[in-house]
Structure formats: structure tokens, C-alpha cells
Amino acid sequence: MPKNLYSDIYHILKGEIDSDVYPPKSILPGEEDLSSRFSVTRNTIRRALKKLQADGLVYTVKGRGVVVLEPIVDNRVIFSAANHFGFQDLMSFPQNKFIKKLTTKVLEFKEIEIDDTLSKHTSFTVGDKAYYIERLRMVNGKAMAIDTSYFRKESIPNLSIVDAEGSVYQYIRDENLFKIAAARSIASVESATKKEFDNLDLDDANCVGVLKKYVYTDLGSLFECTETKYIPNHYSLVGFESY
């Protein structure tokens with residue numbers, strides 16, 4: 001069975017929702033029908049549907065099935081703190097259809113050893129080996145965010161700058177290193193520093209949005225600490241809650 005088949009199913013169903021094969025307020029086929037269509041287990045289908053619901057595209061109504069929700073309108077870049085597909089996941093939101101090109105420029109890539117100061121910042125253990133990566137994220141050619149990431153080398157031993165320019169998460173899946181299981185996120189706003197003024201297209205803004213994310217493997221190990229600083233008036237941080 002292909003790796004991450006649930007993500008393939010997610011993208012297929014998302015495309016069908018975006019193209020109105022399943023318009024707003026319609027009901028998706030049931031788990032049994034989808035399992036038969038894609039020749040996978042119902043558990044795989046549930047994972048794909050869970051991702052669609054996390055993106056705010058559908059909702060499960062007891063006794064009716066999975067309902068396609070009406071989209072919201074927002075002219076800013078939509079992203080989720082719960083994202084576990086990486087920067088490219090921005091294109092998964094229907095509100096981001098205006099995005100034509102996503103580009104990553106690696107500003108710095110090096111191996112480091114975690115000291116006391118970095119241990120307090122990242123929650124990694126003193127003495128751990130890690131990759132330190134700074135990446136400039138561009139949307140349609142506009143510099144929109146800077147990621148400062150620490151990846152535990154023990155978890156991703158052969159990471160390269162080429163992988164950092166692409167998708168570290170995709171590299172983890174392609175190499176079947178581990179399952180990305182959970183993340184803890186903290187959002188805030190800070191005054192822009194010289195680095196942000198020099199690298200981001202801040203225009204008249206004097207502050208940046210900040211999202212700090214700690215990401216865990218399915219064994220409970222912390223493997224990533226990333227701090228993203230972004231232009232606040234061009235991004236919308238969204239979440240979806242079911243009741």
C-alpha cells in the first residue's frame with residue numbers, strides 16, 4: 001500500500017469539494033462507499049475525513065453523514081496552527097485559491113549542539129545535536145514569513161539543505177522515519193526587529209505575528225521547535241471546532 005494514502009484521498013476529496021462535485025450542504029459518500037472506491041480500510045477513510053474537518057471543509061452530523069460546509073470569505077492567507085503538512089499546506093485551504101506560487105529560500109542551515117539557553121528556548125535536552133534552519137517563505141513572490149527551526153538530529157539524521165528548501169515533513173514521510181503525531185502551538189504578536197524589516201515586505205507594519213510550534217513523533221518525542229514570524233495584516237490564523 002502506498003505511504004500516506006490517507007493524504008492522497010484527502011487531496012482527491014478536497015479537489016472534488018473545491019470543484020463542486022460535492023457542493024456546500026451536500027453529503028459525502030459514506031465510509032463504506034469511500035473504502036470501496038479507494039480500496040482502503042475505513043480507518044484510512046476516517047483519517048482523510050478528519051483532515052478535511054480540521055480544515056473546516058466538512059462536519060460530521062450524527063444520523064446524516066459528512067456534510068460539506070459553506071466556505072468563509074477572507075482576502076488574507078489562511079493557515080492553521082494545527083498544520084502538519086508544512087508550508088505547502090497553505091494551498092489546501094479553499095480561501096487560498098489566489099496563491100499561485102509558494103517559494104522557500106534557506107537563509108541559514110547548520111548543525112549545532114543544544115546549550116542551556118537553547119534548551120530553555122526549544123525544550124530540547126542540553127547536549128542534543130540539532131539542525132538550525134532559517135527559511136524565508138514567499139507567497140506569489142512576496143516575502144511573507146521567516147521560519148526559525150530546530151530539528152533534533154537524532155530524529156532526522158540525514159537532513160540536507162535541499163530537503164529544507166522543499167518540505168521537511170514530506171522528507172520525513174518519504175523516508176518513513178516516523179509518524180508526525182501532535183503539535184503544541186503558541187501564538188503572539190511582537191514588535192518587528194531589524195531582521196524582519198530587512199527580510200519581510202512589512203510595508204507600514206511595525207509588528208509581526210509569531211507562531212511558536214513544538215512538534216512530536218508518535219512515540220512522544222519532541223523533534224521540532226519552529227518559530228514563525230509573519231506579516232500580521234496578510235495572514236489569518238484559523239481553527240475549527242466541532243460541538
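Start with the pair H1 and H3. On the H1 side, the residues that make the contact are Leu5, Tyr6, Ile9, Tyr10, Leu13, Lys14 and Ile17, and on the H3 side they meet Thr44, Ile45, Arg47, Ala48, Leu49, Lys51 and Leu52. Sorted by class, that contact of H1 with H3 holds ten nonpolar residues, one polar and three charged. Before I go further: this is a predicted model, and everything I quote is computed from it.

Now the geometry of that pair. H1 covers residues 5-18 and H3 covers residues 42-54; their axes come within 8 Å and cross at roughly 50 degrees. Because of that angle, H1 counts as oblique to H3. The crossing of the two, H1 and H3, is right-handed.

Next, H2 against H3. H2 is made of residues 31-38, and it packs on H3 at an angle of about 105 degrees, the axes being 9 Å apart. From H2, the residues involved are Glu31, Glu32, Leu34, Ser35 and Phe38, and from H3 they are Arg42, Ile45, Arg46 and Leu49. By class, the contact of H2 with H3 has four nonpolar residues, one polar and four charged.

The remaining pairing here is H1 with H2. Their axes are 12 Å apart, and the packing angle is about 110 degrees. H1 is therefore roughly perpendicular to H2. H1 passes H2 in a right-handed crossing. Ile9, Ile12, Leu13 and Glu16 of H1 make this contact with Leu34, Arg37 and Phe38 of H2. Here the classes are five nonpolar, no polar and two charged.

Is Ile9 buried or exposed? Ile9 is buried, because its relative accessible area is 2%, and the cut-off for buried is under 20%. Which residues does Ile9 touch, once its neighbours within four places in sequence are set aside? The contacts include Phe38, Val40, Thr44, Ile45 and Ala48. Ile9 and Leu34 are separated by 25 residues in sequence, and their C-alpha atoms are 9.3 Å apart in space.

In soluble globular proteins, nonpolar side chains tend to be buried together. In this chain, the largest nonpolar core has 19 residues, and those with the most contacts inside it are Leu136, Val139, Leu200, Leu202, Val208 and Tyr235. Three strands each supply at least two residues of this core: S5, at 129-139, S6, at 142-152, and S8, at 207-217. The largest share, four residues, comes from S6. Apart from this core lies another, of 18 residues, with Leu5, Tyr10, Tyr22 and Leu57 among them.

To go back to one member of the largest core, take Leu202. Leaving out neighbours within four places in sequence, Leu202 is in contact with Ala192, Glu196, Phe197, Cys207, Val208 and Ile231.

Two backbone details follow. Where does Asn176 lie? Asn176 is in the loop between helix H6, residues 168-174, and strand S7, residues 180-191. Phi of Asn176 is near 55 degrees, which is a positive value in a residue other than glycine. Asn176 is exposed, with a relative accessible area of 59%. The other residue is Asp203, in the loop between helix H7, residues 194-199, and S8. Phi of Asp203 is also positive, near 55 degrees, and this residue is not a glycine either. At 61% relative accessibility, Asp203 counts as exposed, because the cut-off for exposed is over 50%.

To finish, the chain overall. How many helices and strands are there in the chain? There are seven helices and ten strands. The chain has 243 residues, of which 48% count as buried. Among contacts between residues at least 6 apart in sequence, 60% join residues at least 24 apart.

Note on methods: Residues numbered from 1 in each chain as written. Predicted model: local features only at pLDDT ≥ 70, side-chain atom pairs only at ≥ 80, totals over all residues. Heavy atoms only, no water. Core = buried A, V, L, I, M, F, W, Y, C linked by side-chain atoms within 4.5 Å. Buried < 20%, exposed > 50% of the residue type's maximum accessible area, 1.4 Å probe, protein only. Contact = heavy atoms within 4.5 Å. Axes fitted to C-alpha atoms, helices over the stretch in contact; angles between N-to-C directions. Parallel < 35°, antiparallel > 145°, perpendicular 65-115°, else oblique. Left-handed = near helix turned anticlockwise from the far one by under 90°. Nonpolar A, V, L, I, M, F, W, Y, C, P; charged D, E, K, R; others polar.
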